[in-house]
Amino acid sequence: MVDLGVATLTLEMVAENQMGMKAIGAALAVGLTGIGAGLAEMSIGSAAVGATAENKDIFGMALLLTVIPETIVIFGLVVSLLILF
Amino acid sequence: MLQPKTMTRLLIVGSKEQMSSAVTELYRHYVFHITDYTNQGKEGYEGFRIGQPMEGATEISTDLIKIRSIENTFGLSPDDYYDISKRSAHSIREIIERDLPKIETEVADLTAQRSAAEARIRVNEQRIAELTPFSAIPLELGLYQGYETISVIAGSTTRDIEMPVPVEKLYASGKGGGTMVIFFKNDDRAIVEQTLSDAQFQLIPVPQEEGSVRQRIDQYQSEISSLNASIADINVKIGSIKEKSGDFLAACDEVLSADIEQAEAPLRFATTDLIFIADGWVPVTEVENLKSGLSQATGGRILVMEADELDDDHHHNLPPVEYNNPGFAKPTQSIVDIYSRPRYDELDPTLMIAIIFPLFFGIILGDIGYGAILLVLALGLKRMLKGEAIQHLLNVLRNASISAIIFGVIYAEIFGAHPGALDITLWHPLISRHLLIGSHAHHQGDIAVLLVFAVWLGILQMTLGRSMSVVNHARHRNMVHVMGQLGWIAVMWGILAVIWSIAAIPLMPDLTMLPPIVMGLNIAGIIGAVLTVAGVIAIMRESPLELIEIPSVVSHSLSYTRLAAVGLSSVAIAMVVNFIAIEMLIEPNLKELTALGVVLIIVGIVVLLVGHLLNTALGLLGGGLQSLRLQYVEFFTKFYKGGGEKYNPFGKKRQLSED
C-alpha cells in the first residue's frame with residue numbers, strides 16, 4: 001500500500017497562491033490585448049503608410065486611424081493595474 | 001486667439017502698363033495671397049484669359065538654371081548663407097551680366113576636365129582588369145600575336161586541361177580559378193575548341209598590347225594615380241571658386257528667383273488685352289498699407305476694391321488661413337498643421353493644444369530626472385539645429401519637459417525615485433505613483449485616484465471639444481447640429497450622474513447617500529437618466545446613425561486612463577532598473593569588495609545607465625505619442641474639421657539682397 005500524503009494548506013500558501021493567480025490574470029490582460037491591438041494595427045498601419053506615400057497631407061488622418069485600436073491595449077493595462085494594486 | 005487672422009478679399013484692377021510695377025509692389029509687401037485665376041472660359045468670365053509671363057522671363061529663367069547648375073556642382077544651397085551682409089539687387093543684376101558667363105565657363109571647363117579624367121580612370125581600370133589574368137603567365141604580351149599558322153586561345157579554367165593534339169599550353173593557377181593559354185596549329189582549331197568547351201573553359205580576350213604584363217599594369221596604375229591627383233586638384237579649384245563666389249551665387253539665386261516669380265505672376269491673374277485683375281486675400285491689418293503702396297507705385301492709376309467676402313460661392317472660396325496666436329502657442333501650430341490646418345470658419349484649437357499637450361505629457365512622464373534630461377536635450381538641439389519647423393518642435397519639447405519636471409515634483413519622482421541603496425526619501429508626493437518594488441519601497445501608488453484623475457481630464461476635455469463644436473455650428477446658424485452637440489454633452493454628464501448616484505468613486509462626488517425615489521434611483525440618478533434620454537433624442541435628431549457612436553462616450557473617457565497607465569508602466573520600468581542595478585548588483589557587492597564584485601558593480605552601473613537611457617527614450621515616445629493621440633482622436637474628432645488653405649503670400653523675405 002502506498003501511503004497517500006495529506007496536503008495541508010496554510011493561510012500563507014493560500015495568499016501566495018492568490019497573488020500568483022492575480023499576476024497571471026494581469027499578464028493575460030496585457031498580453032492578449034497587446035496581441036489584439038497589434039493585429040488590428042498591422043493592417044491599418046500598412047494601409048496608412050501606403051496612403052501617406054500617395055498623399056502627404058493625410059498624415060494626420062493616417063496617424064489617427066492607426067492608433068485607434070491601440071486603446072484596447074491601454075484598457076488591458078488599466079485592468080491589469082487594477083488587478084495588481 | 002482661437003481664430004485665424006481676419007482676411008479681406010482684394011481685387012486689384014489696372015491697365016497692363018501698370019502690371020509690372022504693381023507686381024513688384026505686391027512682392028515687396030509680402031502680404032497678398034493670390035487666388036489663382038482658373039475660371040477661364042466659364043460663364044460670367046468671357047473674354048478673360050490667364051495672363052502671359054512678363055518680358056524677360058525666359059532670359060531670367062535661363063540664367064537661373066545656369067546658377068542652379070553651378071550651385072549643384074558646388075553642392076551649395078542658398079540656405080547656407082543666412083548671416084552675410086546684404087547686397088543691392090541692382091549691383092547683383094549687373095554682376096550677373098558681367099561675371100556669370102565667366103564663372104559658368106570656368107566651372108564648366110573644370111567639370112568637363114574632371115569627367116574626362118574620371119572616364120580615363122575607368123578605361124585604365126578596365127585594361128588592368130583585362131591584363132590581370134595574364135600576370136601569372138611568363139610571356140611577353142607581344143608573343144601572343146602576329147602568327148600565321150598558329151592561333152592563341154586564352155581563358156579561365158579550374159584545372160590544367162589535357163589536349164588530344166600537340167599544343168603548347170601554359171597554365172597558371174590562381175585565386176578563384178586559373179588562367180590557361182594555348183597555342184595550337186590552325187588546322188587543329190575544331191578539336192581544340194571542342195575539348196575546351198567540354199572542359200568548362202571560359203574564353204578571355206587576349207590583350208592587344210606589347211611589353212611585359214607587369215609593366216603594363218604598373219603603367220596604367222601610375223596613370224590612374226596621376227589622374228586622381230589631377231581630379232583632387234580640380235576639386236580644390238572648384239572649392240576655391242565656391243569659396244570666392246558662393247555667397248554671390250546664393251544672392252544671385254535669391255534675386256533671380258524673386259525676378260522669375262514676379263515675371264510669372266501674370267500666369268495667376270485674369271487678363272484681357274488691356275487690363276489685368278489680381279484676385280487675392282490680405283490680412284485686414286495690412287489692407288491700408290498695401291493700398292497706399294500700390295497707388296504710390298503706379299501713380300494712382302490702379303483700382304483696389306475690397307470685395308464682400310461672403311459672396312455666393314463662399315464655400316468654395318474660403319480665405320486662406322494664417323494663425324493668430326500668442327507667442328508661447330506658436331510652436332504648437334506645427335502640431336496642428338500635422339493634422340490639418342483649421343478652416344477659416346472654425347475655431348483654431350492651437351491655443352488649447354499649447355496648454356493641454358504639455359500638461360498631458362507632464363502627467364505621463366512626470367519625473368524630475370527624465371524631464372531634466374529632455375530639457376537639456378531640447379535646449380542643446382535648439383542651439384545646434386537650424387530651421388523653423390525643427391525649432392518649433394524643439395520648443396514644444398522644451399515646454400513639455402518643463403511640465404514633466406513640475407509633475408515630477410508633484411509625484412516626488414527622480415528616475416523612479418527612492419533608489420533602493422540610497423534610500424532617498426523625497427518630500428511626500430501629492431499623488432503617488434510609486435510602486436512596491438524592492439525592499440526600500442516607501443509608498444503605495446494611488447492607482448485608483450490616478451485613473452479617476454485621468455478620466456476627469458478626459459471628461460473636461462471632451463466637454464470642451466463638444467462646446468467648441470457648438471460654437472462652430474452656432475456660427476452657421478445650424479440649430480439641429482447645435483442641439484445634437486449639446487445632446488452629446490448631456491449624455492456624457494447624465495451617465496456620470498447616474499454612476500455617481502450608484503457608486504462612490506474617489507475624486508468624484510458621492511451621491512449614493514441621497515434617498516432613493518423611484519426604481520432605486522435617487523434624485524441625482526433621475527436627473528442623470530433624464531439628461532441622458534434628452535441627449536439621445538437630440539443626437540437622434542441630428543443624425544440617427546450617430547446613435548451607434550454613443551458607447552464612445554464611455555470608451556473615449558476610459559481612453560484617457562492612458563495618462564495614468566502609460567505613466568505607471570514607465571515608473572515600473574524605472575523602479576525595476578533601480579532594483580536590478582542597485583539592490584541586486586551594486587549594493588551587496590559594496591559590502592565586501594572582491595574582484596568579481598567590482599565587475600558586478602560595473603555591470604550594475606551599465607544596467608543603470610542603459611536602463612534609464614532606454615526609459616527616457618520610451619518616455620519621450622510614449623508621453624509624446626499618447627498625449628498627441630488624445631488630442632487628435634479624442635479631442636479633435638469632437639469639433640475639428642481642418643482642411644483650410646495655408647496663407648501663402650506672394651513675395652519672399654529677402655535674406656541676401658536688398659533693393
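**View 1. Arg98(B) and Asp99(B) meet through their side chains in a salt bridge, 3.5 Å from N to O.** A salt bridge here is a Lys or Arg side-chain nitrogen within 4 Å of an Asp or Glu carboxyl oxygen. Arg98(B) is exposed at 57% relative accessible area (exposed is over 50%, buried under 20%, partly exposed in between; 1.4 Å probe, protein chains only). This is a predicted model, with local features needing pLDDT of at least 70 and side-chain atom pairs pLDDT 80 or more, while totals for chains, interfaces and linings use all residues. Side-chain values use heavy atoms, without hydrogens and water, residues count from 1 along each chain as its sequence is written, and chains are lettered from A and ligands numbered from 1 in written order.

**View 2. Arg49(B) reaches Asp273(B) in a salt bridge, with the closest N and O atoms 2.7 Å apart.** Arg49(B) sits in strand β3 and Asp273(B) in the loop between β9 and β10 of chain B, so the pair ties together parts 224 residues apart in sequence. Strands are DSSP runs of E, at least two residues, and helices runs of H or I, at least four, numbered from the N terminus. Arg49(B) is partly exposed at 36%, and Asp273(B) is exposed at 60%.

**View 3. Arg28(B) and Glu25(B) form a salt bridge, closest N and O atoms 3.0 Å apart.** Both lie in helix α1 of chain B, three residues apart, about one turn of the helix. Arg28(B) is exposed at 55%, whereas Glu25(B) is buried at 10%.

**View 4. An open, antiparallel sheet in chain B runs β6-β7-β5-β8.** β6 and β8 of chain B are the edges, each with a single partner strand, so one side of each lacks a neighbour in the sheet. Pairing takes at least two DSSP bridges between strands; β5(B) and β8(B) have two.
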